Amino acid sequence: MADLDLVELYKQYGGQTVVDHLTLHVSDGEFVTLLGPSGCGKTTTLRAIAGLVEIDGGEIRFGGRLMNDVPPHKRSTAMVFQSYALFPHMTVAENISFGLRMRHVSDRDRRDRVADAMAMVGLEGLAERKPGQLSGGQQQRVALARAIVTRPDVLLFDEPLSNLDAKLRERLRIEIRELQRRLGITSIYVTHDQAEALVISDRIVVMNQGRIEQIGDPLMVYKQPATSFTAEFIGQANVLEATISSVSSDGCQLDTAIGRLVSSARPDPERRTALVSWRPEDMIPFTPDLPNRIEARVTRTIFMGNLTDVALDVNGTAIRVERPGSVDWQVGDTVALGLAADRIQVLR
Amino acid sequence: MTGGLPLGTRSPAPVLRAVRLGVVPLAVIVVAGIAVGVPILMAIAWSLVDPDHPWSYPDMFPPSVSLYQWEYVFRVTGIVPAIATSYVLATAATILSFLIALPMAYAMGRWAFRGKELIRILMLLPLVMPGMVVALFLSRVFAAFGLAQTFHGLVLAHTLLGLPFMARLLSTSFEAIPREVSDAASNLGASEFAKLRTIYLPMVRPGIFAGAILTFIASLEEFSLTYVIGTPDYQTIPTILFGFLGQRLVRTQASVVSLILLVPSLVLLFAADRMLKRDYVSTGFSKL
Amino acid sequence: MTRKGHRLEIALLVLPAVGFVALFLAAVLVMTVMQSVGLFSFTQETQVGLQSWIDAATGQTWDSFSYSAKIAATSAFGSLLLAYPLALFLRRSFVGRPLLNAIIRVPLFVPALVAAFLILNVMSFHGIVNEVLVRLGVIGEPLRLTHDDWGLGVVFIQIWKNLPFLALILTAVLANIPADLEAAARNLGAGPFAVFRHVLLPLSIPGAQTGVTLVFIGVLGDFAINAIAGPLYPPSLSIRMYLLGRNFGEWGQAAVVAIVIMVSSLLFAWLFSILGRLTVRVVR
């Protein structure tokens, strides 16, 4: 059990900076997700923690101990790979016990711990099978069991669920989280799926082009995106340019292409312009208690089962609204929408 | 050949890290270079020995160089007809192999059917069976049918040995044509023959070249069958060489004939290797 | 997919190649078997029966067999032992890797006869190897490295010729092992040797085994290289077979030796596959 410190981590491949002076502290037992599009450096960071990738600068510390020169097989990390990386020539039991064999754990202890791990992930009865005989979900569980059985300081997940179908993914990610909570192992999880990140993380680290865009718990990252990247990467967002006309202790007034908006955000008074964003589900049919009223013309509605995605036009500016269930708006209708002051974010 | 491990992968240990750069690669390259290069260089050196200044122990290099050996071999030995026989034989065997293997390769690429694996194994058999066994007893078969010591017999025998290469390379090429390309062509109105002409054959051209080169060289280098079935009426470069390597080893002349056999092979094979852009030898075996 | 109507088409297309090979190889096999039991002969009146087998079952045949098996095993496994480190070395990039790749491929392109001569030349009594060793003071007198009774000369030639072949197979097979597997093993605590033993070795054994089998069978049935560089006695199996047939006219016995070569090739192939599977089970 240990906390993890990344200090000014730097890595470049052939002239391109892949990880750009990344600094992050992860507390003991925390579940932190590195979230971002492909190429943002999250997998490189993960592999650097494991020692599988050499960094060009910065420090990696487990519980304060410097790990830079420690080779991967001597670091107390365990990784769950996207491809599962199960040893095809070994049985499930042999796969799971591999890490224990490397650490020269005694036969009897090995057997017990393997059995425990298998029970924990729900693999009873499959000990003698080979990976080729298992389903995707089962293989994933074996990879999980193989990692946790070694009781590492840090558990690393490299997009472990992206090869599974949606339903299985939803089920397994919750299982992973509960398992981690029970074991209390510090975990770093890499994914590009923002819904996944929101569901399982204690904190989300949003990454873009090797840099951290924002760190925060899921609620905060979702409701208060700090940058347009975060706003648009996590969930949907309407993002507009705005001129800040006034700032007070209650909030600010913003001039945008869709009219004057009132927000409870309090930006730096020095700023003249900013990007502002709000979530499509926060714009609701207008009620008098809402400070912001916008008239918009419906251009398209798409029914998606549990919600309807509506595209609207406001004097030439396109916006998106999400309504639960179905709507009786038709294309061409003009509707009055309202927005609460605390739902408008002023981005960096 | 794929590059192996991903970029940036950490070397396993500091000691092994020294393996990556520095002394060890250099040492290995030097050793490999010597092991491979010295024998070849020696042969070249021996082929250039001046008969008036024989090269013998303890000299490290021939005292003087001349093309006498080359001129001697060409003038005095039966090398010239042997070269002619070799190359004519190789050409005939290659063409025959191509004609025989083409329909089969087409079928292998076009359809899935039972017995494909069996056919693949069968086509490799001539390479796996012990050469002299095949040579000796095929010669008996030929003798029974009046084909012994005939050119036709030799062509048939060389074709037998060349077919595995031609068949494998052609089949692989045909099988590599994506199904969708063929379907798209049909969809656009191409008949089977038109497809063969305008799509398949152009796409398998590299395979045809590679197959032709490998078959040609296999025939050039073939020894056992030719030795048993062809000699003494027909000599090829390998049988002549064998003659020089028997009891009386004449290094100088053996060197010349070795080079006559070696150099075209090397040139052709490197050309084939380059032309293919992929390494068929190791790719073919990687699926084992 | 095979539509019913195509079956005839396929058969006809495939017939020339398959028929050609099958016909000739079958003819060889049939002739061999027939000769071995006296069913066929050009020259003598023979009786059908196992006489040839009895005649061939001599100490000489055994000597040839054990000699051929010995040099085949030495060549095949010697090449393997050298090829593995080479293939492992070539996995990672280093300065000069393309050059090493090119150098290693060269012997593949050298015809067997030429290879035999090249090495014979270099290893002969007054060849450069002996010269260098004597000059460096490593040995006092030149060694007999060719036409020696053990067959060392033949083994050297076979290793020179076959090492690149095996190295190439191993390189391809190792490249097929997903990089993640090695990463996972290291992540779980495996040092470099453990990675080799538990991951790389077991997964490369099938390919290695095929390569070793092919090399073994090739050396077992070799004629030319033994004729050029081998000991006077015992002759390799193929040389013995040749002499029995062509020099002594004992075609029946020659056929028996031929069958011995072929059957033992099959048996050794089978043996190696079992060995391979056992090794995998032991190391993993």
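The model is predicted: local features require pLDDT of at least 70, side-chain atom pairs count only at pLDDT 80 or more, and totals for chains, interfaces and linings use all residues. Residues are numbered from 1 along each chain as its sequence is written, and chains are lettered from A and ligands numbered from 1 in the order in which they are written.

I begin with chains B and C. Their contact takes 77 residues from chain B and 72 residues from chain C, where contact means C-beta atoms, placed from the backbone, within 7 Å. On the chain B side, helix α2 (residues 23-47) gives the most, with 12 residues; helices (H or I, at least four residues) and strands (E, at least two) are DSSP runs, numbered from the N terminus.

Next, the domains. Chain B is divided into domain 1 (14-71) and domain 2 (78-286), with bounds from an automatic or database domain assignment. Their centres, taken over C-alpha atoms, are separated by 32 Å. Each domain gives 7 residues to the contact between them. On the domain 1 side, α2(B) has the largest share, 4 residues.

Finally, chain A. Strands β11 (residues 238-247) and β12 (residues 252-256) pair in the antiparallel sense over 5 bridges, pairing being at least two DSSP bridges between two strands. Within this pair, A:Ile244 has A:Leu254 as its bridge partner, and 4 residues lie between the strands of the hairpin. β12(A) also pairs in the antiparallel sense with β13 (residues 259-263), over 5 bridges. Here A:Thr256 stands opposite A:Gly259, and the hairpin has 2 residues between its strands.

Note on methods
Two residues are in contact if their C-beta atoms, placed from the backbone, lie within 7 Å.
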